[in-house]
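User: I am new to this structure and would like a guided look at it. Could we go through it step by step?

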Amino acid sequence: MLRVDEVADSPVVPAEVDVVIIGGGIIGTTTAYELARQGVSVALVEKGFIGAEQSGRNWGWVRQQNRRHDELVMAMRSLKRWSEIGDEIGRDLGFRRQGSLYGTTSEADVAKWEKWAVRAKEIGYSFDILSATEIKSRIPNSTAPWVGGLWSPTDGLAEPSMAAPAIAEGAKKLGVHVLQTCAARGLDISAGRISGVWTERGLIRASTVVCAGGAWSSRLLRRHGIELPVANVVGTAMRTSPVPKLPGGTFNGPGFALRRRLDGGYTVAVPGYGRMELAPQGMRFALKFYQTYRAELTKKLKIRIGKSFFNGPEAAGSWEFDEISPFERIRVLEPAIDEEWLAEAVINLTMCFPEMKGVRILQAWAGLIDTTPDLVPVISQVDSLPGLVVASGFSGHGFGLGPGAGLLVSEMVMHKTPYSDIGQFSLNRFKEGSKLIRPEMM
């Protein structure tokens, strides 16, 4: 099992709070923290352990550049909160502003970046598009035929094993009840609106619930007739032994991405590649992903039949609130890794940086990425069930966006004017007949 920093449970299960947050990943913990800063009483319930699923399994990138424009404002605010939260709580999140560098051997990539840059500059984001000479000067030890690059000195990185647990501990100091191995079995509803959450330890009454359960959110909501169309994609990554420092805090090259770790090694992966397992949930939402298929993103996916057809976040079936739920049967998802992607990442990496040849792989892992049809997250109130807010479907961007998303959700809960347009993240965009924006990998 991939290890994350341990978090001590709060001593009691409260009978009532203002807000219950379902899910102890980066979105849930930052939302809890932001609400507690405003004096809101919060219970954060997690079926397993804080940060143990995708929030502790991602690459650790905290980037603004190459974000979709509809996410860029949130990414910029998120970078600001990443810088601030550690100081506020007096804990190390593993966050460092070391910049992010993209390099390409394709003129088409440079053209794409130049087109993206026009709107990004209008939004207020600063970065540099590098010529072939400029990127070669930044990475003189590389043998790749670079034609251009993209450099953001203000981007950062963080340690996934540290971040969500540290923020949860900070939230506890502000009075948040952090309850691990305490699965939410379902929503309590009275007079057509939220009145609490049924957990495996009993009912916690609340007038507001935030569902931030990542890959599990859709199944929980489906139990109550709420459709959250997501496809869960298995992504694989690995860490290396300590090696000589390569350029930038994070680097994206042809067929590989890497992040410098605090232990001197690198987290390495192949961007955009993953595995989908055929399951009832995926079949249910297949038509919603039509544009995704047309965009040819599925060429980077392996589709298989696996255990998730019968058990896990995408399986079918219902349950009662006084019986063991699917969320208790799998405390922490441990998907099988894809050896093929690991081998490809190493090959691509060593082609660009020959000194990495023979690098030792110390550990590999996989995580489940909840992905929406347009690759844009859902941060939305649910019209049919007042008091319910969904913050899920971050499509692999949730770690970097986490603090910005948590702040946005807290503003929504508190009925404050949000710092960013929330209409683009509405759950209603998936209603029958609605036209979705074309998905695009960035």
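User: In what order do the three strands of the open sheet stand?

Analyst: Please keep in mind that this is a predicted model. The order in the open sheet is β9-β10-β11, and the strands pair in the antiparallel sense.

User: Which strands stand at the edges?

Analyst: The edges are taken by β9 (184–190) and β11 (202–205). Each has a single partner strand, so one side of each is left without a neighbour in the sheet.

User: By how many degrees are neighbouring strands turned against each other?

Analyst: On average the angle between neighbouring strands of this sheet is 30°, with direction ignored.

User: Over how many bridges do β10 and β11 pair?

Analyst: Strand β10, residues 193–199, pairs with β11 over four bridges. Opposite L203 of β11 stands W198.

User: Now for charges. How many salt bridges are there?

Analyst: The count comes to 23 salt bridges.

User: Which residue does R57 meet in a salt bridge?

Analyst: R57 meets E334, with an N to O distance of 2.9 Å. R57 lies in the loop between β2 and β3, while E334 lies in the loop between α9 (326–329) and α10 (339–352), so the pair ties together parts that are 277 residues apart in sequence.

User: And are those two residues buried or exposed?

Analyst: R57 is buried, at a relative accessible area of 4%. E334 is partly exposed, at 40%.

User: What about K172 and E169, how many residues apart are they?

Analyst: They are three residues apart in helix α5, which means that about one helical turn separates them. K172 counts as partly exposed with 21% relative accessibility, whereas E169 counts as buried with 14%.

User: Where do D374 and R429 lie?

Analyst: D374 and R429 form a salt bridge through their side chains, at 2.7 Å from N to O. D374 is in the loop between β19 (361–371) and β20 (378–381), and R429 is in the segment after α11; the pair links distant parts of the chain, 55 residues apart. D374 is buried, with 2% relative accessibility, and R429 is buried as well, with a relative accessible area of 14%.

User: Let us turn to R63. Where does it lie, and is it buried or exposed?

Analyst: R63 lies in the loop between β3 (61–62) and α2 (69–89). R63 is buried yet has no salt bridge. The nearest side chain of opposite charge is that of E71, 6.2 Å away, and a salt bridge requires a distance within 4 Å.

User: Which backbone oxygens does its side chain reach, then?

Analyst: The side chain of R63 reaches the backbone oxygen of Q65 at 2.9 Å. It also reaches the backbone oxygen of N66, at 3.2 Å.

User: One more topic, the backbone. What is the phi value of T181?

Analyst: Phi of T181 is near 45°, a positive value in a residue other than glycine. T181 is placed in the loop between β8 (177–179) and β9, and T181 counts as partly exposed at 28% relative accessibility.

User: And what is the phi of L375?

Analyst: L375 has a positive phi of about 65°, although it is not a glycine. Its place is in the loop between β19 and β20, which is also where D374 is found. L375 is buried, with a relative accessible area of 7%.

Note on methods
Residues numbered from 1 in each chain as written. Predicted model: local features only at pLDDT ≥ 70, side-chain atom pairs only at ≥ 80, totals over all residues. Heavy atoms only, no water. Pairing = 2+ DSSP bridges. Helix = DSSP H or I, 4+ residues; strand = E, 2+ residues; numbered from the N terminus. Axes fitted to C-alpha atoms, helices over the stretch in contact; angles between N-to-C directions. Buried < 20%, exposed > 50% of the residue type's maximum accessible area, 1.4 Å probe, protein only. Lys, Arg positive; Asp, Glu negative; His and termini not counted. Polar contact = N/O pair within 3.5 Å; in protein donor to acceptor, adjacent residues only side chain to side chain.
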